Amino acid sequence: TVGGAFAIMVADNMTDARIGMGTALNLAGDVNVNANHHGDSTTSADGTAVGTDAAVGVALALAFVDDTADASLSRDVTADTIGLAANGDGSSIVTSKSSAKGEDDGAASNSDAQKDSATTLANSKSGKSKGTSQSASTSDGMGGGDNVGVAAALALNVSDSIADASITDAITINGDLTLAASNNMDAKADADGSATGTLATGVGVAVAINVAGMDNLAELGAGATVNGGLAASATMKNVNGNTAHDFDAIAVSGASATDTGVAGSFALNFVDSDTTSTLSGTVNAGSDAVSLTAASTSTSDVSATASATGDTGVGASVAINITDQFASAAIADSGVVSGGSGLTLNATGSHENTTLAKGGAGDNGSGGATSVGGAFAITVADHVTDASIGANATGINVGAGLVSATATHHGKTT
C-alpha cells in the first residue's frame, strides 16, 4: 500500500520590464528599465503524522521552481543616461519526513522510479514538461555501482534563479549606459527518514536531490553600440542581510529492519552557476569610463547520514557534491572599446563546499548483521573567477586611460 504524504510544486515566477522593438526614442533626461523580483517557495511532505498504526508509505516532496527577473531594451535610444536593472532572488526549499513505518519495499522498484512517477503526475497536472536527468544512483558508467532502493523519504528540488539585465539586439544607444544585475539563490532538498521504526521488510532510505541553476547576467551583445560610458555589473543581491547563494542536500535515515536497500542515505547536490559581465559589442566611450564587474559568493553543503540495524542491515551513506561556478568580467573577442577615461574589469568569486557521508549499520541482536558500503563522500568542484580581454579583441583603444583587470578568488572544500 502506498500511503504517507505527497507534495508537488510547479512554479514559473517571472518579473519582466522591457522596452520592446519599435521607433527610436529621443528623450531629454534619463531612461530606466527596472525589474525587481522576489521568490520564496516551500514544499513539504510530512508523513510523521500518519502514526505507527497506519499503512506504510513514502513521504515524497518534489518542486520545480523557476524565478526570473528580466530587464531588456530592444530599440535605439538617445538620452542622458540609460539604465537596465534586474534584481532577483529565488528560494526553493523542499523537505520530506517519512512516516513512522517507512515504505514498503515492494511499492516501487527504486527511488528513481518513485521520482519519475511523481514527476509525471506533476507534468500532467501543470501542463509543463519538467524533469531532471540527475538520479539517485552510484553508477560509475562502467558497470559499477547501483541504483538506490525504495525511499521512505524523498525530496527533489529542481530550481532556477535568473537575473538578466542585458542588451542582445543590434541597437544603438546614445548616452551613458548602466547594466546592473543582482541575484541571490537558495536551493535545498532535505529528506528525513529517521522516524522509520522497526520493520521486518521495511525500507528506511532517505534520498535528497538538489539541482540548482543560477544565472546572473549583465551583457552587451555583439550587435549593440554605445556612444557613451558603460558600467555593467552582475553582483550579489542583499536579501535581509544575506549576500551568498546557498545550495544544500541533506539526507538522514534511520531504520531497524531486515533489509534497508542499497543505501541508507543518498544526498546529491548539482549546481550550475554563471555570473557574467560581458562586453561583446562596441563602446565609443569618449571621455567616460568603461567598467565590468562580476561577483559571486556561495556555500554548497551536502550531508548523508544513516543508522540501520538488521540481520543483513545496510547503513551505507552516499554524499555527492557537484558544483560548477563561474564568475567573469570579460571583453569578448568581438568587443570594441574606443576612447574613455579608463577601462576596469573586476571579478570576485568565493565558494565553499562541504561534503559529509556518515554510515552506520549494526546488529539487531541476532548476531548476523552485515554492513555493506559504509560511507562515500564525493566532491567535484569546478570554480573559476575570470577577468580578461579576449585574445582576438583587437579593437581596444582607451588612449591615455588606465586599463585594469583583477580577478580575486577564494575556494574551500571539505
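Mentor: Let's start with a definition: a residue is buried under 20% relative accessible area, exposed over 50%, and partly exposed in between (1.4 Å probe, protein chains only). The model here is predicted, so local features need pLDDT of at least 70 and side-chain atom pairs pLDDT 80 or more, while totals for chains, interfaces and linings use all residues. Residues are numbered from 1 along each chain as its sequence is written, and side-chain values use heavy atoms, leaving out hydrogens and water.

Trainee: How many salt bridges does a search of the whole structure find?

Mentor: Side chains of opposite charge can pair when their charged atoms come close. We call it a salt bridge when a side-chain nitrogen of Lys or Arg is within 4 Å of a carboxyl oxygen of Asp or Glu. The search finds two. One joins Arg 18 to Asp 16, at 2.6 Å from N to O. Arg 18 is exposed, at 56% relative accessibility, and Asp 16 is partly exposed, at 34%.

Trainee: Which residue pairs with Asp 89?

Mentor: Lys 237 does, with the closest N and O atoms 2.7 Å apart. Asp 89 sits in strand S5, and Lys 237 in the loop between strand S13 (230-236) and strand S14 (245-257), so this pair ties together parts 148 residues apart in sequence. Strands here are DSSP runs (E, at least two residues), numbered from the N terminus.

Trainee: Are Asp 89 and Lys 237 buried or exposed?

Mentor: Both Asp 89 and Lys 237 are buried.

Trainee: What does Thr 355 touch?

Mentor: Thr 355 lies in strand S20 (residues 342-358) and is buried because its relative accessibility is 12%. Leaving aside residues up to four places away in sequence, its contacts (heavy atoms within 4.5 Å) include Val 302, Ala 319, Asn 321 and Thr 414.

Trainee: Which residues line the largest cavity?

Mentor: Rolling a probe the size of a water molecule over the atoms shows where empty space is left. A cavity is a set of points on a 1 Å grid where a 1.4 Å probe fits but cannot get out, and lining residues have an atom within 4 Å of a point. The lining of the largest cavity consists of Val 65, Asp 67, Gly 90, Ser 91, Ser 92, Ser 159, Asp 160, Ser 161, Met 185 and Asp 186. Strands S4 (59-73), S5 (77-97), S7 (151-165) and S8 (172-193) each supply at least two residues of that lining.

Notes
1 Å grid on protein atoms, 1.4 Å probe; cavity = no way out; pocket = protein on both sides within 12 Å on 5 of 7 lines; lining within 4 Å. Helix = DSSP H or I, 4+ residues; strand = E, 2+ residues; numbered from the N terminus.
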